[in-house]
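Here are my notes for you to read alongside the model. Keep the viewer open as you go through the points.

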Number of protein chains: 2
Amino acid sequence: MSSGEFKPLDEKFLVEYIKATPSLYQVLGNNLHDLQIKEVGDGNLNFVFIVQTSSGSLVIKQALPYIRCIGESWPMTKERAYFEASALEEQGRLCPNHVPEVYHFDRSMSLIGMRYLEPPHIILRKGLIAGIEYPFLAEHISEFMAKTLFSTSLLSLTTTEHKSAVAKYCGNVEMCRLTEQVVFSDPYKVSQYNHWTSPYLDKDADAVREDNFLKLEVAELKSKFCERAQALIHGDLHTGSVMVTHDSTQVIDPEFAFYGPMGFDIGAFLANLILAYFSQDGHADDRNDRKTYKEWILKTTADTWSLFDKKFTALWDGHKNRSGDAYLPEIYNNAELQRIIKHKFMQELLHDSLGFGAAKMIRRIVGVAHVEDFESINDAARRADCERLALNFAKMLLKERRRFQTITEVVLAIQKSHS
Amino acid sequence: MSSGEFKPLDEKFLVEYIKATPSLYQVLGNNLHDLQIKEVGDGNLNFVFIVQTSSGSLVIKQALPYIRCIGESWPMTKERAYFEASALEEQGRLCPNHVPEVYHFDRSMSLIGMRYLEPPHIILRKGLIAGIEYPFLAEHISEFMAKTLFSTSLLSLTTTEHKSAVAKYCGNVEMCRLTEQVVFSDPYKVSQYNHWTSPYLDKDADAVREDNFLKLEVAELKSKFCERAQALIHGDLHTGSVMVTHDSTQVIDPEFAFYGPMGFDIGAFLANLILAYFSQDGHADDRNDRKTYKEWILKTTADTWSLFDKKFTALWDGHKNRSGDAYLPEIYNNAELQRIIKHKFMQELLHDSLGFGAAKMIRRIVGVAHVEDFESINDAARRADCERLALNFAKMLLKERRRFQTITEVVLAIQKSHS
Ligand SMILES: Nc1ncnc2c1ncn2[C@@H]1O[C@H](COP(=O)(O)OP(=O)(O)O)[C@@H](O)[C@H]1O
Ligand SMILES: Nc1ncnc2c1ncn2[C@@H]1O[C@H](COP(=O)(O)OP(=O)(O)O)[C@@H](O)[C@H]1O
Ligand SMILES: [Mg+2]
Ligand SMILES: [Mg+2]
Ligand SMILES: [Mg+2]
Ligand SMILES: [Mg+2]
Ligand SMILES: [Mg+2]
């Protein structure tokens, strides 16, 4: 089915649509008689329908030409669905274990049909709030990041492949602008969309807007975000874009995908773990002081970077003789040089990740879109205490990121900031 | 005339073509009876015809699907003419005083009709070899660079404008690949195209290929060249792409144009002045020891950067309230912050320029395409002495560029390296 025209889905139309679309109908066993449909879009932007029959299931995601949680007053191109589908397919090709399969994409309908991540899959952020440990999380997410970032960078691609992909994703500019606004701009100026736990954090929010050194560093990160086409990044890799069970980790929702700095993805994930960490005291109660869980979060933070480093470097080593255009084997294939190059690359990437991560933490506390980790702490004073610690840590990290040489030093600094 | 098919020009066909093309015919006064045509392409890549009648003149440049100076064995897309015409038009719009007007562009013919830069215009490089002083050169070229680089960067553009332009120029990827090869790769490995003043520089060429620290720095610059879409750069801004008279300065030949790092253009121009400087001892004779001229070159080198800094900063100041997306006025409009941001930006740009410039010097001595400044020194031993000084200075500059804080320090280092 593809009339070539856009139409927002309702349940009735969705049924018609599926019937007329073999690639979807087939997943449901070509039979809709015990069909169940549920709209579950708890995300900020789009509509998500779970579609199930006794013989199969799938998810339908549709982008509307505005931002769902704000409404038609904040228009947003529905073409984002095209970039989301493209990125899902590319990331799925590179890392099939951790990306849901795409069954169908309809550009004029801005509609993606994909695998339903069935229960007990839940959004990772909710698991972190509930205090659930995921023993394979660091292993899986680092694999996703290493494979997708390495393989779409000039470490693996030729310049020809790279520039053609860069050009394509330049089309996702409206989503880049949204990120620029909510991550790099709004928190540093007065904006109608900003909010924070008031009155507790009023002074803290003021201070963010008046910190010249902080703003200088944010400008540097923003330039990198806008100018550096290092790899195809997910663009929104927080813990709300990851669905998990004990042994499955699935990355969804790459509608912000474009060619940008790798550290933006890595930083997003690390930052959201660190936010989860700082929120734990707000969730502690008599039955569970969350101490052990906090340690698990920190260990997972450290492991995510360390395993990423290991996997990324291993991919690089494996490419020694069939490399992308960045480091030609004829010039760079000597052990000493390889060692220095990789060390330099990973140091810079760590610093980028810490910088972007810190910026993402800040915006979740004084910007437009907050995280459930904090929002679900009902007592405002208690929430503000957690948020202030996180904010202060993030400000320090953004300004001083270059003095951290290992993730262990970062973890130690988190612990120190909190004791 | 636009049959929609490509055909290499000869004089007969050129006459037909002009007759059938009003925008060209008109420049010649709609009359070809005393027509004169001369092919003058002394460049490396393309064919250039000067077309004159008693009532007008123009230049026709055509790209063929290979590199002229090498032949059909090195194919090269003729689509480069499209990017050259686009860049000429864009740069002409931004800086009409220093860019020849484009009268006509035919994409299928890869043909550009433009203003004939009539005598006494000569290629700047030839003027530098002849020892001619150009009192307005620094003023003019710095204006060209400041206007074109500022206005195509995020200091002036919105992200939407920027990404759309980036995407367009991603299409000029074959020219980017050529630069990658001849500037960032070939000089650092054994390549059939490399040559140098042998046997004098054999050891020096070896040393370039075996200098790990040098190669590490070159890799960093190459990444920046490939990944950082900072502004629409000319891409080939050496002294052979500038035509001059005593009081006119015209920039031609932007067929390598794409969104890249600003320092690549600035560095190219500075580097070619510095190469001219190091070649002067090879042109000194009893009548002219070239001492005064060397001082003029150094002064022009310093003035070019200083005036660029001044003009670029002035454009930035002038944009305070209607800026591009990089530094939003609401966040960055305070005097102290403006000062720090500009200082940081210009320091990084100086370091980029020195790095790219140094890489361009090196490739002109041990790579495929040399410069007439040195090639016209007939005595090979004497030429090699000049080249070695230049090469050693360039290697130092590439490795130690970050310790230079002002252009004056660079000029002092040139003088020192040479005494
Ligand atoms: N493939 C899927 N399987 C199961 N649930 C999904 C799937 N995709 C999305 N969801 C649910 O829908 C929610 C919103 O989806 P998401 O892609 O994040 O949309 P948005 O772009 O609006 O944030 C998710 O948080 C998750 O609960
Ligand atoms: N507009 C012009 N007016 C006068 N001479 C020109 C003009 N354009 C090119 N030429 C001459 O033709 C030569 C080659 O032109 P150029 O654009 O540099 O070609 P290439 O890309 O092959 O290097 C220049 O060095 C100059 O001598
Ligand atoms: Mg989401
Ligand atoms: Mg979201
Ligand atoms: Mg989303
Ligand atoms: Mg030329
Ligand atoms: Mg040329």
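1. The same surface serves both copies, as 100% of the contact residues of chain A (contact: heavy atoms within 4.5 Å) recur in chain B.

2. A quick word on ground rules. This is a predicted model, where local features need pLDDT of at least 70 and side-chain atom pairs count only at pLDDT 80 or more, while totals for chains, interfaces and linings use all residues. Residues are numbered from 1 along each chain as its sequence is written, chains are lettered from A and ligands numbered from 1 in the order written, and side-chain values use heavy atoms, with hydrogens and water left out.

3. Now find the magnesium ion (ligand 7). B:D253 (OD), B:D253 (OD) and B:E255 (OE) coordinate this ion at 1.9 to 2.3 Å. Donors here are N, O and S atoms within 2.8 Å of the metal (3.2 Å for Na, K and Ca); water is not among the atoms, so sites may look incomplete. B:D253 also bridges to the magnesium ion (ligand 6), 3.5 Å from ligand 7.

4. What surrounds ligand 2? There are 18 residues (each with a heavy atom within 4 Å), and B:N46, B:L117 and B:E255 are among the closest. A polar side-chain atom of B:E255 lies 2.7 Å from an oxygen atom of ligand 2.

How values were computed. A polar contact is a pair of N or O atoms within 3.5 Å; within protein, one must be able to donate a hydrogen and the other to accept it, and residues adjacent in sequence count only if both atoms are side-chain atoms.
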